[in-house]
Amino acid sequence: MTEFTPLRHIPHTNVFRKGDVFVLFGELFGRGYVNGLIDEARKAGMTIVGITVGRRDESGALRALTAEEHAEAEEKLGGKIINVPLMAGFDMDAPEGEQNPTEMLSGITLKSWQEDKLDWEKIEACRVAGVRRFTTSAAQVMGEIDKLIPEGANVFFAHTMAGGIPKIKAFLAIANRIYKGRGDRFMSSRALLDSDLGKLILMNFDEVTANTLKYLIDASAPIRERVTKAGGEVRYTAYGYHGTEILIDGKYTWQTYTNYTQGYAKMRLESVAEAAWKQGVWATVFNCPEIRTNSSDIFVGVELSLFPLLTALKKEGGGAWADQQWQICQELLNDGVSLQSLLDTIERYNNDATSAEFRNFEAWPMDNTPALADVMIGTSEEATAQHKDRKALITDHLSSLVLEGAGPLMFYGASEKIAPVLWLSHDIIARQLNELHK
């Protein structure tokens, strides 16, 4: 278990300048945390370079981007993309002539999945094949990136890979029960973790979310050696999640979304950064606050911890700009509903005895329970119902603010070499936003 190390000061150190190179290790699809980092890199005048995860053809085989896809991806990134597929995970990999894990899982149904068994020797052979494919391609990609890094330049590697759920039909129905179900539709997250399906998912999460940071650090070793030998600086960042401090009863208190199945992989990600740090490689995992994204929307209730950010903006010295954020959020609510009454509802939820049971840092990530699902999903539905439009939520606006605040904290925090794992809680996000909008 990583020691809790929240970032408490706004970093301003910057070793990056015009002509340095920012490498995005993960493909840019929608708006997410990494946009804030890219914005800072662009402001510093850095050259942006990216990679692609590739695409699957009709047979499931991995391929490079077509000329049209490549041009579109480069336009979206605003930089050059090395067109060698770097799809992480092993759910579609297998030794020649063998089934891949997704094919092995194709017969799983909603009735059978808890009893269905996998052949772990075959799964391990698939994992080895997937790792070999990925690391071979990563070495090729770094060889190409090396050519784009001028003599005397510094390099910033931003790791953004996460996920790893195999594409099987039954999983969406299972996930809906675990992350959205209550009452008769509730399903224990422990049931998933104890099943062979769950064990495979955890293995693939490790490969996609955590081990890829190690593969990146290893594959970029020749670049790192060349740059540092010339007196340059190299940094690595990655996106973690391990709960966040938010205001509860006027105090910043660590809390978390439960059940966060990827938590095990996120802790492994932290250990990769800690091991790198001991070798003099400056890799920092920034544990970021909960936000709403396309991929997080399956986790009903993950957005509840965003609301207290409004109170943090005022507590951390926000003036007219903080008042403006309150006004923007008030206007998204139904007529007759006050923003303060909604914040009071969230405060009651956070003070609920059931919610408080899950604020156990040492036991993270804990399993869900029927009682927690009731109070968390119930509060989430109540909060959403108070909006004028279900497609324009307060949590969307607050998510964009978190992204804006996290970008500079990560960019300058990485320059400063503070620690291998740092938490960005609501206090520092609010202070950074208030400073940006003085």
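A word on what we are looking at. This is a predicted model, where local features need pLDDT of at least 70, side-chain atom pairs count only at pLDDT 80 or more, and totals for chains, interfaces and linings use all residues. Residues are numbered from 1 along each chain as its sequence is written, and side-chain values use heavy atoms, with hydrogens and water left out. When I say helix or strand, I mean DSSP runs numbered from the N terminus: H or I over at least four residues for helices, E over at least two for strands.

Back to the opening question. The glycine is G231, and its phi is positive, near 90°. Helix α8 itself covers residues 221-229, and its buried residues are A221, I223, R224 and V227. By buried I mean under 20% relative accessible area; exposed is over 50%, and partly exposed is in between, with a 1.4 Å probe and protein chains only. Looking down the axis of α8, those buried residues fall within an arc of 155°, so they line one face of the helix. The arc is taken from the directions from the helix axis to the C-beta atoms. On the face turned away from the buried side you will find E225 and K229, both exposed. And what covers the buried residues? The cover includes α4 (120-147), β6, α7 and β7. Contact here means heavy atoms within 4.5 Å.

Next, please find strand β8, residues 244-248. Here 5 of the 5 residues are buried, so the strand is largely enclosed by the rest of the structure. T244, I246 and I248 sit on one side, E245 and L247 on the other, and both faces are covered. The partner of β8 is β9 (residues 251-255), paired in the antiparallel sense over 5 bridges; strands count as paired if DSSP finds at least two bridges between them.

Let's walk on into the loop between β9 and α9. N259 is found there, and the peptide bond from T258 to N259 is cis, with omega near 0°. Q262 is in that loop too, and at 15% relative accessibility Q262 counts as buried.

So which side chain does Q262 join in a polar contact of 3.0 Å? The side chain of T209. A polar contact is a pair of N or O atoms within 3.5 Å; within protein, one must be able to donate a hydrogen and the other to accept it, and residues adjacent in sequence count only if both atoms are side-chain atoms. T209 belongs to helix α7 and is buried, with a relative accessible area of 0%. A polar atom of the T209 side chain also lies 3.2 Å from the backbone nitrogen of G163. Beyond four places in sequence, T209 touches several residues, including H159, M161, A265 and L269.

Two of those names take us to helix α9. Its 16 residues (263-278) should span 22 Å at 1.5 Å a residue, and the end C-alpha atoms are 23 Å apart, which agrees. The expected span is 1.5 Å times one less than the number of residues. Among the buried residues of α9 are G263, A265, L269 and W277. Seen down the axis, the buried residues of α9 fall within an arc of 165°, so they line one face of the helix. They pack against β6 (155-159), α7 (196-219), β7 (234-240), β10 (283-287) and β11 (421-423).

Two more backbone spots before I stop. Most residues other than glycine have a negative phi, and most peptide bonds are trans. K417, though not a glycine, has a positive phi of about 55°; K417 sits in the loop between α15 and β11 and is partly exposed, with a relative accessible area of 34%. The bond from W364 to P365 is cis, with omega near -10°, and P365 lies in the loop between α13 (353-356) and α14 (370-385).
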